Amino acid sequence: ENPTIRTYHMEVEVHPESGEVQFFFKFVPGECHQSYGIEVAEMAGINKEILLTARNASENFHRYMLELNLKKVETKKKKIETVLTNSKFNNLIFTSLRGIVEIPL
């Protein structure tokens, strides 16, 4: 990490009810929490069919990434459960804890 390099983004506000995006053309420190490329394309007058296709592709990608992350979490949980149910692992923990904490037999 280089201390002379910093992340900035354009300040933006999203209207809570309409979802309308307003850019303030002001650099503020930190990462932007969301991409507004489709909104900028809409402001630029890009064809509505193209915008709809882009929105659908973005939503599908977002959904895919969520599912992928959930699968990774489930895989990690299964690996942990396998380790915790492994008798050698349990014996190692039991042996390591003996003398440190009172373990009823």
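Modeller: Start with Tyr8, at 46% relative accessibility. Keep in mind that the model is predicted.

Biologist: Why is Tyr8 called partly exposed?

Modeller: Buried means under 20% and exposed means over 50%. Tyr8 has 46%, so Tyr8 counts as partly exposed.

Biologist: What makes Phe27 exposed?

Modeller: The cut-off for exposed is over 50%. Phe27 has 60% relative accessibility, so the label is exposed.

Biologist: How many aromatic pairs does a search of the whole structure find?

Modeller: The search finds 2. Tyr8 and Phe27 form one of them.

Biologist: How do you know that Tyr8 and Phe27 form an aromatic pair?

Modeller: Ring centres must lie within 6.5 Å. For Tyr8 and Phe27 the value is 6.4 Å centre to centre, so they pair.

Biologist: Why is the pair of Tyr8 and Phe27 called edge-to-face?

Modeller: Planes over 60 degrees apart count as edge-to-face. Here the angle between the planes is 70°, so the name applies.

Biologist: What does the pair of Tyr8 and Phe27 tie together?

Modeller: Tyr8 lies in strand β1 and Phe27 in strand β2, so the pair ties together parts that are 19 residues apart in sequence.

Biologist: What makes Phe23 and Tyr36 an edge-to-face pair?

Modeller: Their rings are 6.1 Å apart, centre to centre, and the limit is 6.5 Å, so they pair. The planes are 90° apart, and the cut-off is over 60, so the pair is edge-to-face. Phe23 lies in strand β2 and Tyr36 in the loop between β2 and α1, so parts 13 residues apart in sequence are tied together.

Biologist: Are Phe23 and Tyr36 buried or exposed?

Modeller: Phe23 has 18% relative accessibility, and buried means under 20%, so Phe23 is buried. Tyr36 has 8%, so Tyr36 is buried as well. Of the 105 residues of the chain, 10% count as buried.

Biologist: How do β1 and β2 run, and how many bridges join them?

Modeller: They run antiparallel, with 6 bridges joining them. Two strands pair if they share at least two bridges, so β1 and β2 are paired. His9 stands opposite Val28 in β2. The two strands form a hairpin with 6 residues between them. Gly19, in the turn, has a positive phi of about 75°.

Biologist: What follows along the chain?

Modeller: Read along the sequence, the pattern is β-β-α-α-α. That makes 3 helices and 2 strands.

Biologist: How many salt bridges does the structure hold?

Modeller: It holds 3 salt bridges. One of them joins the side chains of Glu11 and Lys26. Glu11 lies in strand β1 (residues 8-14) and Lys26 in strand β2 (residues 21-29), so the pair ties together parts 15 residues apart in sequence.

Biologist: What makes Glu42 and Arg55 a salt bridge?

Modeller: The nitrogen must be within 4 Å of the carboxyl oxygen. For Glu42 and Arg55 the closest N and O atoms are 3.4 Å apart, so the pair qualifies. Glu42 lies in helix α1 (residues 37-43) and Arg55 in helix α2, so parts 13 residues apart in sequence are tied together.

Biologist: Why do Glu42 and Arg55 count as partly exposed?

Modeller: The class runs between under 20% and over 50%. Glu42 has 38%, so Glu42 falls in it. Arg55 has 30%, so Arg55 does too.

Biologist: How do you know that Glu74 forms a salt bridge with Lys77?

Modeller: Their closest N and O atoms are 3.8 Å apart, and the limit is 4 Å, so the bridge counts. Both residues lie in helix α2, 3 residues apart, about one turn of the helix. Glu74 is partly exposed at 40%, and Lys77 is partly exposed at 42%.

Biologist: Which residues make the nonpolar surface patch of about 320 Å²?

Modeller: Phe61, Tyr64 and Met65 make it. Met65 is in helix α2 (residues 48-85).

How values were computed
Residues numbered from 1 in each chain as written. Predicted model: local features only at pLDDT ≥ 70, side-chain atom pairs only at ≥ 80, totals over all residues. Heavy atoms only, no water. Patch = residues over 30% accessible without salt bridge, like charges linked within 9 Å, V, L, I, M, F, W, Y side chains within 5 Å. Areas by Shrake-Rupley, 256 points an atom, 1.4 Å probe, with all protein chains shown as cover. Helix = DSSP H or I, 4+ residues; strand = E, 2+ residues; numbered from the N terminus. Buried < 20%, exposed > 50% of the residue type's maximum accessible area, 1.4 Å probe, protein only. Phe/Tyr/Trp six-rings, centres within 6.5 Å; stacked < 30°, edge-to-face > 60°.
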